[in-house]
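I opened this entry to keep track of what I looked up. Short notes follow, one topic at a time.

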2 protein chains.
Amino acid sequence: MAVYTEITDAQLAAFIAAYEIGELLSCKGIAEGSENSNYLIRTSSGQFILTLYEKRVLRADLPYFLDLMEHLAGKGIACPLPVKGRDGRALHEIARRPAAVITFLEGVCTSRPLPHHCAEIGKALALLHRAGLDFPKSRENSQSLPEWRRLYATNRQNADKVAKGLADVLGQELNFLGEHWPADLPCGVIHGDLFPDNVFFIGEKLSGLIDFYFACNDLLAYDIAICLNAWCFEPDGAFNITKARTLLAGYRSVRSLTDAELGHLPILARGASLRFLLTRLHDWLNPVKGAIVKAKDPLEYLTRLRFHQGISNPSAYGLSK
Amino acid sequence: MAVYTEITDAQLAAFIAAYEIGELLSCKGIAEGSENSNYLIRTSSGQFILTLYEKRVLRADLPYFLDLMEHLAGKGIACPLPVKGRDGRALHEIARRPAAVITFLEGVCTSRPLPHHCAEIGKALALLHRAGLDFPKSRENSQSLPEWRRLYATNRQNADKVAKGLADVLGQELNFLGEHWPADLPCGVIHGDLFPDNVFFIGEKLSGLIDFYFACNDLLAYDIAICLNAWCFEPDGAFNITKARTLLAGYRSVRSLTDAELGHLPILARGASLRFLLTRLHDWLNPVKGAIVKAKDPLEYLTRLRFHQGISNPSAYGLSK
C-alpha cells in the first residue's frame, strides 16, 4: 500500500484546474501500487486515479509508460488511459513529483487465483502483446540479467542470513542463466509485473490491467514466465498445473507460441523466479526506514526457482503442444 | 492512514452479499481514519465506505456510534449513514472484525483551514449539538480526566525525554483541571475529535463530518474547545484569533452559549490541549510495532496548552459577547 507523498487541498485544486475534468468532489489516498503514491479522485465528470511518481520510477521513463497506456487503451486493452491536461500533456507535477491522472478501472483483485482467472490472464497477456507490436517507443528492461547481477553483488554477503546456502544458489543460477538465456525469441512490449494485485476482475471476467511501470521491450515469452510464477503456485508453494495449463491455453488462443518459445519456458521461468527472488531479497535486507510497504518474503521465490530448476520438458507446465 | 486488516475478494464477496447494495465493482483500501481499516467500495448502486473496527474501538460502543450517525443523518447532519444489511442490522463482521458499511460523503479535507472554514465548522458543530439533543443513547467520554490521569501515570517517567520539564507541566495541569473542571454546563452528544481531517468541503461549503468514534456525552462547550485547538492555530503554533472569532460566531449563529459556557472556555480549552497532548505523548513514547500511522508531535499541544494557560478572559478567543 502506498501514499508516500501527502498533498494539500490547495496543491490539489491547482493541479486539477490544469485538466478539463470538472470540479473536485473527493480525493482519497489509496493503498495500491508499491512504488508510487496513488489517490482516487472523484470529480463532477467521473472517477480517476492520480499517481505521483516517487523516486523509484525514473522521470525519463514516464513518457514511455504513459504513451504505452494510451496506445494499448486505444487498441481496446482494458488498461488506464492517461488524461491529458489543458496543455495537451499527460505528465504534470504536484508536490514536486511528476504526476498523471489516469482513468479509473472498475474491478477487484483476486487474492486466490483460480483456473478461470488464469485463463483470463493468459488471454489478456496475449492481447496485450499483440496490441503492443506496433508501439513505436522502446524501453530496455531495467530488471534483467545486468540488474540481477548487481542485486546479487549487493546482497550476496547477507543472503545466507535469510536462508543458509542462498548466496551459492543465487550465484550458480546467475551463471547458468548468463550462459543459457535465449536471445532470439520474439520480442515486444511486456508488462513485466502482471501479478494478481495488478489485475481486476468483475465476477469471473477480467476488467482491467494496471501498473505498467515495469513495462519494457523484452522477450514476450518471459512475460508468460512471470505470470506462471505469479499466478500458478499455491500459498504452500506447490505448483498448480491446472492453472498453468489454463493460463497457457488462454494465451495460445490469441497468439501462438513458437517451438523455441515453448522449449525455453523452463529457463525463462527460472529467470522470472530469480528476478523476484533478488528484488525481494534486496528489499528484505535493505528495508526503507519508515516504509509503509511490508517487505515480501523472498523465499517464496526460492521455492519457485527450485521447481523450475527441476523441469527439463515444458510439458510439465501443462502444455498440450 | 490506515488499512490494518487485509481482506480477500472471497471475504468481501460474502460480506457484500449480506447487503442490498448491488454488485461489487471495486474496493480500495484508503488512507483515512487512524483507528480503523477503511475501504472505499463501489457497487452497482453507488459508493460506500466499509469500515473494519480494529482493537482500539470497543465492540460494545459500536451500536452507540452507528445509531448516532443514523440519528444525526436523519436530522439532516451531513454525516455518514450506516447501511443496514438484509438482516436489518448495521453491524456485521468481516475478517473476524466487526464491520459496517456507511454511505460515502463527497468533499475534500482542508489541510490549511481559513477563517471561512472555521465559520462553517462552528455552525456545523452547533447543528450537530442541536441534532443530538434527543438522541436516546448515552456514552461516557472515555477520554476525560480519569483517562488523562491514567495516561499521565503511564508516561510521566518518560515525558521529559520529549521535553524537559514536561512531566511537571502535565502533573500541575492535571491537578489544576481536577480542581476547576466545570460540572454543570449544558451536556449532550459531542463529536470529540472534529479535526480538519474529519471534515469535508466542496469549494468553500462544508459537505461532510466523519469519524464519530470518539463521540460521547459530555459538555457541549468542550467540543468547541477541541475545535478551537484543532482549527485556530497556525503551523508555527500561533493562535489565530480571526479563525476563533469566526468559529465561535458560526456556532452562536445556531446555538447560543450561556455565560457559564463562555466563562469556562479557557479551562475547557486547556483540557482539550491536555487531552491531545497526553494521547499524542502516549503514542509517541509507545509506538506500535509495525504501525502504519506516523505518531504526531505531542509538543504542538504543549504550545497550545501554554497559550490557554495565559488566558484569563474568554474575550481573548475573539468573543464579541
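Predicted model: local features only at pLDDT ≥ 70, side-chain atom pairs only at ≥ 80, totals over all residues.

I then looked up where B:D61 sits. B:D61 is in the loop of chain B that runs between β3 (46–52) and α2 (62–74). Next I checked the side chain for partners. I found a polar contact of 3.2 Å between the side chains of B:D61 and B:R139.

**A loop asparagine.** I turned to B:N198, which lies in the chain B loop between β7 (187–190) and β8. The relative accessibility of B:N198 is 5%, so I noted this residue as buried too. Which residues does B:N198 touch, leaving out those up to four places away in sequence? I listed B:H191 and B:D193, then B:G208, B:L209, B:I210 and B:D211.

**How the copies are related.** I laid chain B on chain A. A turn of 180° with a shift of 0.0 Å along the axis does it, and the RMSD is 0.0 Å. The two copies are therefore related as by a two-fold rotation axis. I asked which residue of chain B comes closest to that axis. It is B:I30, with its C-alpha at 2.2 Å. I also compared the contact residues: 100% of those of chain B recur in chain A, and the same surface serves both copies.

**The interface.** How many residues does each chain give to the contact? I noted 31 residues from chain B and 31 residues from chain A. Together the chains bury about 2400 Å², with 56% of that on carbon and sulfur atoms.

I went on to the pairs across the interface. There are two salt bridges between chain B and chain A. One of them joins B:R42 to A:E106. Their closest N and O atoms are 3.0 Å apart.

Which elements of chain B give two or more residues to the side that touches chain A? I wrote down α1 (9–16), β1 (24–30), β2 (37–43) and β8 (199–202). β1(B) gives the most, with seven residues. Last, I sorted that side of chain B by class: 15 residues are nonpolar, eight are polar and eight are charged.

Technical notes:
Residues numbered from 1 in each chain as written. Chains lettered and ligands numbered in written order. Heavy atoms only, no water. Contact = heavy atoms within 4.5 Å. Buried area = accessible area lost by both parts, 1.4 Å probe. Salt bridge = Lys/Arg side-chain N within 4 Å of Asp/Glu carboxyl O. Helix = DSSP H or I, 4+ residues; strand = E, 2+ residues; numbered from the N terminus. Nonpolar A, V, L, I, M, F, W, Y, C, P; charged D, E, K, R; others polar. Buried < 20%, exposed > 50% of the residue type's maximum accessible area, 1.4 Å probe, protein only. Least-squares fit on C-alpha atoms with pLDDT ≥ 70 in both. Polar contact = N/O pair within 3.5 Å; in protein donor to acceptor, adjacent residues only side chain to side chain.
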